[in-house]
Amino acid sequence: MHTRSTLLTLWSRRSTAALAGLSSAALLLGACASLTPPPTQPMLSAQAAVTSAASAGAAETAPTELRSARDKLAQAQVALADDKPKAAQRLAMEAQADANLAEAKARSAKAQKAAAALGEGNRVLREELRRVTP
């Protein structure tokens, strides 16, 4: 049988070992959390979105949004080069959002032009029908 002081000593040793184990685990988790992988996919997605927006005609219809997307993508590339992956990821995501907005505005402007052209075509056809129909 163990005496009371022996039990306290055993408990103290186990507690110290458990505390040391927990501390080591916390340090290991903290080290892993700081090893953020480079935001390769967000960077590629942002670049693709900027290219798509430019192809859709955003330079003419949404120049501010397209410029903002390009600027943020450039800032993301600088942040990535400076080993700031979280900032690079955030900027890449913002660039993608700006590029998507620019593309949507460009496509909307094209759709409005097409709708106006169709409306004008309909107006001309109605006038022709009025002239032909007695």
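Predicted model: local features only at pLDDT ≥ 70, side-chain atom pairs only at ≥ 80, totals over all residues.
What covers the buried residues of helix H5?

The chain has 134 residues, and buried residues make up 20% of them. Its secondary structure comes to five helices and zero strands, so from the N terminus the order of elements reads α-α-α-α-α. Take the contacts in the chain with a separation of 6 or more: residues 24 or more positions apart account for 72% of those.

Now to H5 itself. Helix H5 covers residues 85-132, which is 48 residues. From its first C-alpha to its last, H5 reaches 70 Å, close to the 70 Å expected at 1.5 Å a residue. The buried residues of H5 are Pro85, Ala88, Leu91, Ala92, Ala95, Asp98, Ala99, Ala102, Glu103 and Ala106. As a reminder about helices in general, an α-helix has 3.6 residues a turn, so residues three or four places apart point the same way.

Back to the opening question. The cover over those buried residues includes helix H2, residues 40-55, helix H3, residues 58-61, and helix H4, residues 63-81.

H2 and H5 pack with their axes 8 Å apart, at an angle of about 20 degrees. An angle under 35 degrees counts as roughly parallel, and H2 and H5 are therefore roughly parallel to each other. Their crossing is left-handed. On the H2 side the contact is made by Pro42, Met43, Ser45, Ala46, Ala49, Val50, Ser52, Ala53 and Ser55. On the H5 side the residues include Ala88, Ala92, Ala95, Ala99 and Ala102, and also Glu103, Arg107 and Lys110. Sorted by class, this contact has 12 nonpolar, six polar and three charged residues.

Next, H4 against H5. How far apart are the axes of H4 and H5? They are 8 Å apart, and the packing angle is about 165 degrees. Over 145 degrees counts as roughly antiparallel, and H4 and H5 are therefore roughly antiparallel to each other. H4 passes H5 in a left-handed crossing. From H4, the residues that meet H5 include Glu65, Leu66, Ala69, Leu73, Ala76 and Leu80. Among the H5 residues they meet are Ala88, Leu91, Ala95, Asp98, Ala99, Leu101, Ala102 and Lys105. By class, the contact of H4 with H5 has 14 nonpolar, two polar and five charged residues.

Is Glu65 buried or exposed? Its relative accessible area is 17%, so Glu65 is buried, the cut-off being under 20%. Leaving out residues up to four places away in sequence, Glu65 touches Asp98, Leu101, Ala102 and Lys105. Asp98 and Ala102 are also on the list of buried residues of H5.

H2 and H4 also pack on each other. Here the angle is about 155 degrees and the axes are 10 Å apart. That makes H2 roughly antiparallel to H4. The crossing of H2 and H4 is left-handed. In this contact, Met43, Ala46, Gln47, Val50, Ala53 and Ala54 of H2 meet Leu66, Ala69, Arg70, Leu73, Ala76, Gln77 and Leu80 of H4. The classes come to 10 nonpolar, two polar and one charged.

Now H3, where Glu60 sits. Glu60 is exposed, because its relative accessible area is 64% and the cut-off is over 50%. Glu60 and Ala106 are 46 residues apart in sequence, and their C-alpha atoms are 7.9 Å apart in space. Ala106 itself is one of the buried residues of H5.

Last, the loops. Pro38 is in the loop between helix H1, residues 4-33, and H2. Pro38 counts as exposed, at 52% relative accessibility. Not counting residues up to four places away in sequence, Pro38 touches Leu80 and Pro85. Pro85 is one of the buried residues of H5.

Asp83 lies in the other loop I want to mention, between H4 and H5. Its phi is near 60 degrees, a positive value in a residue other than glycine. Asp83 also counts as exposed, at 65% relative accessibility.

Notes:
Residues numbered from 1 in each chain as written. Heavy atoms only, no water. Helix = DSSP H or I, 4+ residues; strand = E, 2+ residues; numbered from the N terminus. Expected span 1.5 Å × (residues − 1). Buried < 20%, exposed > 50% of the residue type's maximum accessible area, 1.4 Å probe, protein only. Contact = heavy atoms within 4.5 Å. Axes fitted to C-alpha atoms, helices over the stretch in contact; angles between N-to-C directions. Parallel < 35°, antiparallel > 145°, perpendicular 65-115°, else oblique. Left-handed = near helix turned anticlockwise from the far one by under 90°. Nonpolar A, V, L, I, M, F, W, Y, C, P; charged D, E, K, R; others polar.
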